[in-house]
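Subject: Handover of a structure, with notes

Dear colleague,

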Amino acid sequence: MTTNQINQDDINKAVWNACDTFRGVISADTYKDFILTMLFLKYISDIYKDEYNKLIEQYGDNPALIHAMMSKQRFVLPEGASFWDLYEKRYEAGNGERIDKALHALEEANGSKLKNVFQDISFNTDRLGQEKQKNDLLRHLLEDFGKDILNLSTERVGSLDIIGNAYEYLIKHFAAGSGATAGEYYTPPEVSTLLATVLEPVEGDQICDPCTGSGSLLLKCGAMVRKNTGSKKYALFGQEAIGSTWALAKMNMFLHGEDNHRIEWGDTIRNPLLLENKQQGKDSNSLLHFDVVTANPPFSLDKWGHDDASNDPYGRFHRGIPPKTKGDYAFILHMINTLKPGTGRMAVVVPHGVLFRASSEGKIRQQLIEENLLDTVIGLPEKLFFGTGIPAAILIFKKKKSDENVLFIDASREFKSGKNQNQLTPDNIQKIIDTYKDRETVEKYAYLASFDEIKENDFNLNIPRYVDTFEEEAEIDLVAVRAERIQLKNELQNLEVEMEGYLKELGYE
């Protein structure tokens, strides 16, 4: 590393400090889009500037050649659309409008790669105040990102991971501070690591997250393939319902170098968009199928699309229709229907009610178990997810299992306690993974249940029915307690006598 390079802590601190411009003016949930978008624009502008300067040095007397070569860069920046164009005009009126126009020009110049990515993000919004205040705020934002510490040129950054990690750092901190809405777009990194590890994605896998959020879970799965095999031969797919979150996921992918992804914008249950032949523009009623499917769907979503479920053109609800006000099994059934027959495996985060609620959910659960699709149930600690304190569980399904048993792991009691948020430590995660791989009963931690045992429990998967974590209280030694009581009584009598003497000396009789 040269002395000119920046480290992860420096860049994290610099981008977090840039948020000071907005703190106290608008909520973090609102300005997070401005900060994340500006980081993306700054990154591609610095890289573009780097390449341009190199070509000038090499072909300085041939502007036509330079222009032609710049048009083939990873991202094309039209004139007036780079961060530095905006920075130069920061003292002029109209910063908001100018930034919006630059983002629109970026979309236009980069075809399908950035299509619609910025359409839900407007810097020219009244939420930043009257025109003068808005202009000043955006000038400060441009100046924050224009500081030397945020020079994101290739020479200084060295590895793309630094930018991607800074982006993830911001997302995590915004999620931690945004309360109930955080769960809509962010899965804690240790949970993503756990999911990606147990799913074991390998070279050639097609990997999908139908509730993509910020894309962190998909990125973790891609990183796992590279770590385990050294290969970049895999494909990432996703769908996200919220427009601004979908844009956030797209930028996250590019900043991590995952340009070859397909993430659709739309409601996964009402309008699944990852379909066969969709890329050729043909109509299709067949869902795409994947080797790995994983998601952290919204917990017990109300109004998930119940009214149309009985006529679902993709046949996802033939095992039963989930209740009108709880969409957990709608997502589970969608995911199961997108698994490839031989290699398909999935992991989904669910609230505990999914394990034991009766009625239609009970019937769906029974059928999934009778089809021998459920492989493992992992109980997680409480307060692990942003925006909710309730404990969650991970369900692992496989299209092709090696036995008819279901492994139950109760990991709910082993975690690092935090004031607002609990965490799984690396040791906690490793214990879960080791237990999952061993697939054996571990006293007070895991139990390998047969189909018949689950049937005897009426297909109720509540973890305490299988993993006995009851700790017997130590037997009380009544003789010792009596002796201690007598000793304390004697000490109290002595103290009373002593106190009486002091009072007499002071004249209190």
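Predicted model: local features only at pLDDT ≥ 70, side-chain atom pairs only at ≥ 80, totals over all residues.

Residues are numbered from 1 along each chain as its sequence is written, and side-chain values use heavy atoms, with hydrogens and water left out.

To begin with the cysteines, the structure holds zero disulfides, a disulfide being a pair of cysteine sulfur atoms within 2.5 Å. The closest cysteine sulfur to that of Cys208 belongs to Cys211 and is 9.0 Å away, which is too far for a bond. Cys221 is likewise in no disulfide, since its nearest cysteine sulfur, that of Cys208, is 10 Å away. Cys208 is buried, with a relative accessible area of 3%, and Cys221 is also buried, at 0%; here buried means under 20% relative accessible area, exposed over 50%, and partly exposed in between, with a 1.4 Å probe and protein chains only.

Asp291 sits in the loop between β3 (261-265) and β4 (292-295), where helices (H or I, at least four residues) and strands (E, at least two) are DSSP runs numbered from the N terminus. Asp291 is buried, with a relative accessible area of 6%. Leaving aside neighbours within four places in sequence, Asp291 is in contact (heavy atoms within 4.5 Å) with Gly204, Asp205, Gln206, Lys340, Thr343, Gly344 and Arg345. With one of these, Thr343, there is a side-chain to side-chain polar contact at 2.6 Å, that is, a pair of N or O atoms within 3.5 Å, of which one must be able to donate a hydrogen and the other to accept it, and residues adjacent in sequence count only if both atoms are side-chain atoms.

Turning to the backbone, most residues other than glycine have a negative phi. Asn372, in the loop between α15 (359-370) and β6 (374-379), has a positive phi near 55°. Lys383, in the loop between β6 and β7 (392-398), also has a positive phi near 55°, and Lys383 is partly exposed, with a relative accessible area of 25%.

Lastly, Leu506 lies in the segment after α18 (478-505) and is exposed, with a relative accessible area of 61%.

With kind regards
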